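Good morning, and thank you for coming. Please look at the sequence and the model together while I speak.

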Amino acid sequence: MTQAHLDKFGRPIVVVTGIGIVTSLGQGKDDNWRRLTAGESGIHTITRFPIAGMRTTIAGTVDFLFEGRVPAPDLSEKLATLAAEEAIAEASIGTPGDFPGPLFAAVPPVELEWPERRQIADAVGHYPIVYHDLLAAADSGKFRPWHERFLFGSVADRLADRFGTRGQPISLSTACASGATAIQLGVEAIRRGDTEVALSLGTDGSVHPEALIRFSLLSALTTANDKPAEAARPFAKNRDGFVMAEGAAALVLESYAHAVARGAKILGVLEGCGEMADNFHRTRSNPDGRPIIGCMRNAFADAGITPDDVDYINAHGTSTPENDRMEYVGMKGVFGEEKLARTPISSNKSMIGHTLTAAGAIEAAVSLLTIANGRIPPTINYNIPDPAIPLDVVPNVARDATVRRVISNSFGFGGQNVCLVLAGEPA
């Protein structure tokens with residue numbers, strides 16, 4: 001490793017050599033990029049389960065992989081598999097079933113879903129049912145495959161077996177920042193010298209009735225059901241909540257020296273990662289914006305850059321009244337009003353919805369495609385500007401621009417905040 005392979009702090013430069021994406025817009029990064037930059041929406045009325053009586057009846061579900069309903073861990077695993085296969089193939093690294101590095105997987109929290117619970121109840125054989133009846137049915141051994149499938153680590157364990165990653169796979173959940181956390185862990189492992197290569201991914205296939213009801217009870221979801229494609233309205237004055245969605249993205253990360261040595265095509269650089277926890281509230285951000293400000297400043301310090309070095313911001317931009325306002329407050333605190341006003345910012349969630357555990361990974365992948373293609377995806381459904389949030393949101397139509405460096409924000413419930421700094425290939 002030479003000085004050219006080290007960053008300004010003397011650490012190995014971490015580059016991206018493979019990208020894979022699956023969302024409600026389609027499978028593969030080419031299809032997703034084409035439709036994102038065309039301003040198309042993947043949000044639609046839910047058909048997977050009955051929606052009568054639901055306050056929210058729309059989502060960005062991925063419905064083209066299975067016929068009918070499958071449990072969230074099965075869909076999450078399938079989405080992750082497709083994204084990882086695409087990323088590894090593009091990187092041309094390792095051999096099938098023998099990936100030369102560890103796996104860092106952001107996976108959704110899982111629990112038995114209602115169809116499985118009903119079958120356990122039916123196995124009891126009598127009503128009324130009390131709790132020890134359910135325990136006895138569960139202990140019968142009949143439902144062991146469910147026990148194994150609904151373990152939190154089952155998705156990553158199966159992915160590790162499939163792709164032959166090194167060491168114990170890491171399963172993680174930092175709420176809506178999870179996908180970005182998986183990337184951060186990969187970056188840090190390479191910088192420490194633990195590995196030359198890592199597979200970082202985020203996946204989420206958990207749109208099911210109970211999840212939808214829980215977010216509805218938090219008043220977090222939009223109720224604009226009549227026109228699904230127009231329901232996600234980040235930063236607009238008439239935003240009224242986020243849209244649940246599904247998807248996955250995977251990145252193959254390598255040290256710059258390792259990538260150069262094997263002649264790999266370099267797709268971008270992970271220059272910096274920042275995080276800061278916010279213990280203010282289970283779902284709300286601290287109204288002074290300090291944790292969001294600190295998160296972005298930590299990322300800038302880690303990358304050794306200033307706000308003037310940033311050409312575009314890939315926003316968290318969920319379309320909830322509070323999140324969008326607090327993201328603006330945080331960005332203004334970091335960039336200052338003048339610089340922020342002339343920095344384009346857009347939200348992919350306006351088109352694909354909020355992919356929850358996968359969002360940080362998907363948005364990092366889109367950020368890299370933005371740099372590579374010199375085109376900024378729009379924020380669609382931006383028809384009523386919010387005067388309290390004066391931003392250049394690249395409204396409704398994609399914009400050609402020279403983009404050398406992007407920050408990608410991910411702010412999760414419980415105050416789990418991560419910011420990534422991404423750039424083009426090193427000079």
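This is a predicted model: local features need pLDDT of at least 70, side-chain atom pairs count only at pLDDT 80 or more; totals for chains, interfaces and linings use all residues.

Residues are numbered from 1 along each chain as its sequence is written, and side-chain values use heavy atoms, with hydrogens and water left out.

The size of an interface is often given as the accessible area lost when the parts come together. Here, domain 1 and domain 2 bury about 630 Å² between them, with 43% of it on carbon and sulfur atoms. Buried area is the accessible area, taken with a 1.4 Å probe, that two parts lose on being put together, summed over both. Arg69, Phe150 and Glu210 supply 63% of the area that domain 1 buries against domain 2, more than any other three residues.

Let us turn to charge. Side chains of opposite charge can pair when their charged atoms come close. A salt bridge is a side-chain nitrogen of Lys or Arg within 4 Å of a carboxyl oxygen of Asp or Glu. Between domain 1 and domain 2 there are 3 salt bridges. Arg69 also forms a salt bridge with Glu116 through their side chains, at 2.9 Å from N to O.

The structure as a whole holds 29 salt bridges. Which residue meets the side chain of Asp302 in one of them? The partner is Arg11, at 2.8 Å from N to O. This pair links distant parts of the chain, 291 residues apart: Asp302 is in helix H10 (residues 290-303), and Arg11 is in the segment before strand E1 (14-23). Helices (H or I, at least four residues) and strands (E, at least two) are DSSP runs, numbered from the N terminus.

Both Arg11 and Asp302 are also among the contacts of Glu271, once its neighbours within four places in sequence are left aside. Glu271 itself lies in strand E9 (residues 268-277).

**Aromatic pairs and backbone details**

Rings of Phe, Tyr and Trp (its six-membered ring) pair if their centres lie within 6.5 Å; planes under 30 degrees apart count as stacked, over 60 as edge-to-face and the rest as tilted. By this rule there are 3 aromatic pairs. Phe215 and Phe242 form an edge-to-face pair, 5.2 Å centre to centre with 80° between the planes. Phe215 lies in helix H8 (residues 209-217) and Phe242 in the loop between H8 and strand E8 (247-255), so the pair ties together parts that are 27 residues apart in sequence.

Finally, two points about the backbone. The peptide bond from Tyr127 to Pro128 is cis, with omega near -5°, and Pro128 is found in the loop between helix H3 (114-124) and helix H4 (131-138). Ser319 has a positive phi of about 90° although it is not a glycine.

Conventions. Contact means heavy atoms within 4.5 Å.
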